[in-house]
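Me: I would like to go through how the labels on this structure are assigned. Please set each value against its definition.

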Amino acid sequence: MVKLDRLITILGSYGARLCGSADREAGLRSVALHDPVRQESPAGDIFLAVGVATVAEAIRLARQARAVVLVVRTTEDPAPDLLRDADGIAVLVVEPSVSWSQVAGVVYGLVLEGRETESGRGPADLSALADTIAAAVGGPVTIEDQLSRVMAYSSEQREADPVRQDTILGRRVPDRVRALFERQGVFTHLARSDEPLFVPAAPEHGLHGRSVVAVRAGRELLGSLWVSCTAPLDAARASILVDGARTVALHLLRWRVSADLERQVESELVIQLLEGDPDADAVVRKLGLPASGLRVVAVRAHTEAERNAGLLLAFERATTGFGWSRVGRSTLFGNTVYTVLPAADPAPAFHWVRQLVAGLPAHLRIVAGVSGECEVAELPSGRRESDECLTLHDRLGRGEAVCYDESWHQVLLQRLRSAAATGRIPARSPVARLAGHEAPELLPTLRAWLEAQGDLGRAAAVLGVHQNTVRNRLRRVTAAVPGLDLDDPAQRLAMLIAMAVHE
């Protein structure tokens with residue numbers, strides 16, 4: 001069953017807007033399409049007012065159809081008295097530029113997906129399917145994706161070994177066991193064959209026997225179906241396992257279609273926010289995010305073998321979940337995954353990054369940048385801050401994430417370095433002159449003195465020389481750079497900045 005809140009969110013990306021109030025938790029199970037030939041409208045939770053001339057007439061027909069929500073194409077905003085006449089019907093207004101075929105396709109797709117899930121044939125019922133297969137083949141079952149991550153498992157624990165327990169608790173096959181399967185050619189077999197394969201026991205790894213079969217759609221490997229067993233399956237049970245894998249593939253395809261629809265809508269809305277949409281307040285409401293206390297997290301994932309695989313896995317992980325249950329909203333833009341998080345404090349953003357990293361393969365190199373706190377209108381600036389924090393990883397030698405709150409000064413210096421690279425900082429500054437001076441000790445001495453805020457003792461201690469040596473070198477600095485006034489606070493500040501930029 002699809003809820004009104006999700007319908008509003010999905011159709012919102014096609015220009016639909018909700019007029020008046022509505023119970024966004026209302027469930028929608030059927031669709032009624034207006035037929036101008038028939039006098040009475042068919043009953044349905046969602047009434048599509050195709051070919052209806054006015055909003056008033058559409059509301060009358062929707063009441064007749066006992067609808068929960070009315071979808072109407074018009075440029076007019078329904079008057080308050082018309083909305084009162086709607087008597088609890090949510091009125092969704094779509095711009096005429098959007099075709100009825102687009103609207104109907106989205107609406108029917110969402111409702112049919114809800115029916116599949118409710119009847120036990122949809123993506124939410126993989127665990128029930130695992131129980132059914134386990135009962136038929138006589139052993140505990142797990143359903144895994146291409147990266148050996150657990151998608152579902154049966155409640156049957158008979159003949160469960162330590163590896164199964166570790167796999168379920170960790171939500172993925174342990175690395176040592178995955179390496180064993182790699183050496184035994186299990187993954188090669190799954191890539192090439194649809195026949196079940198028996199994997200013998202390995203007591204040293206805590207592994208009893210397994211039979212595995214590929215879950216495939218056409219030529220594409222979607223995952224694998226595993227059953228615990230002490231010996232190869234007989235012909236009858238092997239046939240059941242193969243049939244079960246085909247059913248799992250159908251579930252995963254339905255899951256993918258639903259997830260792809262939400263990802264597309266979500267991604268487009270997030271891009272609008274990051275690029276500065278004039279109606280950002282409306283966009284953030286569609287995404288179910290607050291208008292303040294937001295942060296932008298930029299993530300890049302690299303692997304030597306496959307250039308884009310890590311990034312796609314990171315995006316899939318960031319957008320996994322149905323019903324808008326995830327805390328953030330994400331998009332894949334260029335070579336970066338951007339996620340808008342409700343996080344006035346940086347701690348939830350760091351936690352989100354750690355959770356993302358934990359769900360990805362260990363061989364990926366993952367870096368992240370976290371912006372400062374933003375209002376919705378400041379999200380384009382937040383995106384820039386998160387990008388700049390990303391570029392600081394190699395310089396700072398940090399872990400997975402660099403946050404703007406802690407690194408704003410480094411971001412500022414990075415901006416100045418970029419400006420210097422384009423010739424926007426004077427090339428013939430005192431710092432540049434001293435850098436090329438025949439006495440290389442002058443520039444470090446000037447820097448130590450400036451950083452010590454003119455304290456000769458501190459500067460001398462840093463340099464490991466006597467205070468008089470510092471005084472002598474400073475006199476040589478002023479002689480080498482005519483016009484330099486070390487008593488001028490503005491010049492001292494400018495030289496410190498120039499040193500930081502050119503370091």
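**Labels and their grounds**

Reply: D345, E373, E375 and E378 form a negative surface patch. The model is predicted, so local features need pLDDT of at least 70 and side-chain atom pairs pLDDT 80 or more, while totals for chains, interfaces and linings use all residues. Residues are numbered from 1 along each chain as its sequence is written, and side-chain values use heavy atoms, with hydrogens and water left out.

Me: Why does E373 count as partly exposed?

Reply: Buried means under 20% relative accessible area and exposed over 50%, with partly exposed in between (1.4 Å probe, protein chains only). E373 has 46% relative accessibility, so it counts as partly exposed. E373 lies in the loop between β16 (365-370) and α13 (379-391).

Me: Why is S381 called partly exposed?

Reply: S381 comes to 44% relative accessibility, and therefore counts as partly exposed. S381 lies in helix α13; helices are DSSP runs of H or I with at least four residues, strands are runs of E with at least two, and both are numbered from the N terminus.

Me: Why does R66 count as exposed, and why does S148 count as buried?

Reply: R66 is at 63% relative accessibility, so it counts as exposed. S148 is at 3%, so it counts as buried. R66 lies in the loop between α2 (55-64) and β6 (69-73), and S148 in the loop between β8 (141-145) and β9 (150-153). R66 has a positive phi of about 55° although it is not a glycine; for S148, also not a glycine, the positive phi is about 65°.

Me: How many of the 503 residues count as buried, as a percentage?

Reply: The buried share is 47% of the 503 residues of the protein chain. The chain has 20 helices and 17 strands.

Conventions
Patches are made of residues with over 30% relative accessible area and no salt bridge: like charges are joined within 9 Å, nonpolar side chains (Val, Leu, Ile, Met, Phe, Trp, Tyr) within 5 Å. Accessible areas come from the Shrake-Rupley method with a 1.4 Å probe; for residues, only the protein chains shown count as cover. A salt bridge is a side-chain nitrogen of Lys or Arg within 4 Å of a carboxyl oxygen of Asp or Glu. Lys and Arg count as positive and Asp and Glu as negative; His and the chain ends are not counted. The place of a charge is taken as NZ of Lys, CZ of Arg, CG of Asp or CD of Glu.
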